[in-house]
Amino acid sequence: TDTAFANQLGRTNVEGCCWWGRGIFRHINHGRCFFGRLNDAIGKRAAMDGRPSLYPDTDFCANPEAVCNSEDSDELQWVVGMFHWIKTVQSYNEGGWSFMDKLREVPLDDVTDSRLNEMLIAVDCIMKTGSHECDDGIDSVEILLKVWAVFDEKYEQNVINAPSSSPTLTIMPSPAPTLIPTVTPTLLPTASPTSSSAPSASPNIFDYPSTANINAVVAEIQKNSQAFITNVFPAGSTGELFTFSTFAEVLFDMASGAVEGKYFYVGHGRTTNRNLRKRGMVNIAAFLAHAKTNGFQNNDCDERNVDFLMPDGMTRKFALSNSCGQYGDSYQDERCDVSESFMECAPDPNMLVSAVPDTDDTSYKKPPAFFCGPKAYFPFMGYFEAGTFEIANDKPFSNRAGRTNVEACCWWGRGTGQVKGVCMYGKLNYYIGARAKEEGRRSMFPDIDFCKRPQEICSGKYSTRLTWASGMVSWIENIQSNLEYGDNLDRIVSGEMESADFMSYISDKLDSGRNHQQRLANFDLIIDSLAIQFK
């Protein structure tokens, strides 16, 4: 062009004009303030300040176009919209008008209720002007009905089986299976893996159960399924990450030999032998008691920061370095026995991972979600202080094991079994992950390298299945591999052993008895829900 042409503000050049709208709300998400907030919350600034960051390598102030043109663009276009929604709409509470309060008041089963129309108009005003009152708010109830129709069609029959919010915002897992799987498995187990010259893994004391055994146990669960779901699974979770239907599907796979040489025990021998079948049911109940205690009790997939110190004898301080291990444990040092060391993961000091953060109204009262990252980004970590709900990160604060940084500390507990440590993640990779496929064995998740992407369990494409599969592999390795456990199953079924002693043995193996009482209470609840009676 040979002539300058001004816009309505008189600008005739584009110097410093990089802040146009981007993402799903591109007509709103613009300006230096918005991209600065984005960088501070989920970008490089958060990482530099020692806070968890979804995109620690992305500086939205230096590269705002990353939203539309980067390897994370598919996610970011949605993430920036959700970020704006959380900051602008969900948190709106002005002039006596609170979005969250209005959301609770609106009767979602009656679209003709005027309160729904009023709320939608107010939301449109908030998005446009920052205030719930304006002259040009639009009633979007017709659009809302179309969205509801899509959700009803896609999710109603599958009980809305999507994972909890994910730090990587990957796509939702595949739809949930039918309530009880009925397909007879075609994969027959083979002997322990032979493609490696390394020693075989921990011995499995249980015989391979026949298809008839699996079907009999599944039918037994199905008979009590409603009471089972109501009493065992926490309210609300059946529509999210830990569903009964997915549990049943993965149980069927793991008991059928989906993992070579490893099978979750559901009973063996003649299906007419009630004691043998009851052994399998008790094993399932004990596993679920552990899962309910450490996994889906609060609908959490990632381990939470619960270990605090009181240096002054009064104030509880939760070390941010607890992602490295709690109660004096060091997860990156939880290695395999020498005979199984060929399976374990090698800690990567450059790995950057964040757990799924809490999103409820009281999340600010809890320590932040675990994360790990190199010392180059996080030279030291501070603490979260109970009571003040503040993070102090101006100087190092040691956890119980003496750690003050989070380098290579990406091995915290995840899933129903709260799998943790470089040994167990290595075993997941060896039995059900990418390594199994690479070495020519069957693999349930052939594209997932658990040594490089441990967070796939809680925030990946297959999270709904992985939360259960990882827990069952851990159970096989840590509980079923003990010869004494088989004897204990016989004793409790025959009435020679009390539930308290049976679960005490399991709790000692899993966490040195730390959660025994809760695990025992959950076990008794599940036994009652499945109508299991001991002699």
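Q: Let's start with a term: a salt bridge is a side-chain nitrogen of Lys or Arg within 4 Å of a carboxyl oxygen of Asp or Glu. By this rule, what does the count of salt bridges come to?
A: Please keep in mind that this is a predicted model, in which local features need pLDDT of at least 70 and side-chain atom pairs count only at pLDDT 80 or more, while totals for chains, interfaces and linings use all residues. Residues are numbered from 1 along each chain as its sequence is written, and side-chain values use heavy atoms, with hydrogens and water left out. Lys-262, Glu-340, Lys-427 and Glu-477 are linked in a network of salt bridges. The count by this rule comes to 17.

Q: Which residue meets the side chain of Arg-279 in a salt bridge?
A: Arg-279 lies in helix α10, and the pair links parts of the chain 211 residues apart; helices (H or I, at least four residues) are DSSP runs, numbered from the N terminus. The far end is in helix α15 (residues 483-493). At 2.4 Å, N to O, the partner of Arg-279 is Asp-490.

Q: Is Arg-465 buried or exposed?
A: Arg-465, in helix α14 (residues 463-480), is paired with Asp-253 in helix α9 (residues 244-256), through a salt bridge of 3.1 Å, N to O. Here buried means under 20% relative accessible area, exposed over 50%, and partly exposed in between (1.4 Å probe, protein chains only). Asp-253, at 23%, is partly exposed. Because its relative accessibility is 14%, Arg-465 counts as buried.

Q: Which residue's side chain makes a polar contact with that of Asp-124?
A: Asp-124 sits in helix α5 (residues 114-129) and is buried because its relative accessible area is 18%. Leaving aside neighbours within four places in sequence, Asp-124 is in contact (heavy atoms within 4.5 Å) with Asp-136, Gly-137 and Ile-138. A polar contact is a pair of N or O atoms within 3.5 Å; within protein, one must be able to donate a hydrogen and the other to accept it, and residues adjacent in sequence count only if both atoms are side-chain atoms. At 2.9 Å, the partner is Lys-128.

Methods: Helix = DSSP H or I, 4+ residues; strand = E, 2+ residues; numbered from the N terminus.
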